[in-house]
Amino acid sequence: MAGPDYIKLPLLAQTAYARLLDLLLTTEIGDPLVGGSLVSKSIRGRRYWYAQRQEDGKKVQSYLGPETPDVLALLERSRRGRAEASTRAELIAMARAGGAHAIGAAEAQVIERLGPVFRVGGVLVGSHAFVVLGNMLGVRWQEAIVRTEDVDIAHDHRIAVALARGGPPANVKEALGDPIPRFSALDPHDPATTFRVRGTEVEVEVLTPLVGRERARTIPIPTLGTAATPLRFLDYLIEETQPGAILGGTGALVNVPRPGRFALHKLIVAARRGTRGVSITKSAKDRAQASALLQVLVAESPGEITLAWKSLARRGRAWTHAVLSSVAALPSSITTALGQLGVR
């Protein structure tokens, strides 16, 4: 049954989303030609290949190499990927026609550029993750509780160190095409953790869990080639993730938190925000997103809530107290349902 904060998507939209996610999961990832075209040059009787794309209205070429079996194999993978991209675009159009939430072209392009980040364990968080979870659960949220242009990605710096040693890094700044850095809110002398993507209004912020004592410095993420802002309680949110699909452009594969953890984490964040100015607005949005998600989970997947709560409860009274203080501000029907699931 639909609640006031969402509507149920028709089967057509749900099926289109599921097919898109399946196609993204089975498509070879890492094509350096995404978003561009293939061009070749003949020099002294030998053919050389380049990837060409538009950046700030100018043609930019990246050298791929002379025509060898390996380069030809790369070109063939790219051509297959382009055919699949057309199919993905059609599936996105079908899902969108059925009411699924598609994001703007600029945001979709930015998230697609961040593909390497998600392949090394980066997690999409914030309102964009909330949108993905809605499509995944077969619902569309009210527009007022999802509106945002900023893209928040999180990575556990403790895992990132091991990834940097064992595999190729994913440089955030290179992926975003020389973005404009923003000074750290913690210390203006620290490396930037937020970047404005040139030619857009989209900002990307890199976050990481704060574990242990408080600190007022950013934390380097070697495998992302940047630093991140440490946040308390973020480790719980990104400890368990699942793949999801972005509806926009030709689609993008991302990692998102489990829905139960997302909802409970939003309640923690709402409880810890200040009580003045913009903090009140952000706290209300956090609770609204948690409330909408919990409505769906109570009806469709209550086990998600109980698993998320058991994991949280093992972390101590400070965690449970923060959740329960926010639960008290939710509609009574949700509070009662949560109590019956052991969230009390």
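**Close-up views of a predicted protein model**

**Figure 1. Overall composition and confidence of the predicted model.** The mean pLDDT of the protein is 83, with 84% of its residues reaching 70 or more. Confidence is highest in helix 5 (residues 127–137), at 95, and lowest in helix 6 (residues 157–166), at a mean of 51. The pLDDT falls below 50 over residues 160–167, a stretch that has 10 contacts in the model beyond near neighbours in sequence. The protein has 13 helices and 14 strands. Of its 344 residues, 47% are buried. Among contacts with a separation of 6 or more, 66% are accounted for by residues 24 or more positions apart.

**Figure 2. The largest nonpolar core and the surroundings of leucine 124.** This core comprises 84 residues, of which Leu114, Leu124, Trp141, Val151 and Ile153 touch the most other members. Helix 1 (residues 11–26) gives the most to the core, contributing 7 residues. Leaving aside neighbours within four places in sequence, leucine 124 contacts Phe118, Ala129 and Val132, together with Val151, Asp152 and Ile153.

**Figure 3. Packing of helix 9 against helix 12.** The axes of helix 9 (residues 259–272) and helix 12 (residues 317–327) come within 8 Å and cross at roughly 85°. Angles of 65 to 115 degrees count as roughly perpendicular, and helix 9 and helix 12 are therefore roughly perpendicular to each other. Helix 9 makes the contact through Leu264, Leu267, Ile268, Ala270 and Ala271, while helix 12 supplies Trp319, Ala322, Val323, Ser325, Ser326 and Val327. By class, 9 residues of this contact are nonpolar, 2 are polar and none is charged.

Figure 4. Aspartate 156 lies in the loop between strand 7 (151–154) and helix 6. Because its relative accessibility is 11%, aspartate 156 counts as buried, the cut-off being under 20%. Apart from its neighbours within four places in sequence, aspartate 156 is in contact with Thr208, Pro209 and Ile238.

**Figure 5. Helix 13 and the glycine that follows.** Helix 13 spans residues 332–340, and its buried residues are Ile334, Ala337, Leu338 and Gly339. Just after helix 13, glycine 342 adopts a positive phi of about 95°.

How values were computed: Residues numbered from 1 in each chain as written. Predicted model: local features only at pLDDT ≥ 70, side-chain atom pairs only at ≥ 80, totals over all residues. Heavy atoms only, no water. pLDDT = per-residue confidence, 0-100. Helix = DSSP H or I, 4+ residues; strand = E, 2+ residues; numbered from the N terminus. Contact = heavy atoms within 4.5 Å. Axes fitted to C-alpha atoms, helices over the stretch in contact; angles between N-to-C directions. Parallel < 35°, antiparallel > 145°, perpendicular 65-115°, else oblique. Nonpolar A, V, L, I, M, F, W, Y, C, P; charged D, E, K, R; others polar. Buried < 20%, exposed > 50% of the residue type's maximum accessible area, 1.4 Å probe, protein only. Core = buried A, V, L, I, M, F, W, Y, C linked by side-chain atoms within 4.5 Å.
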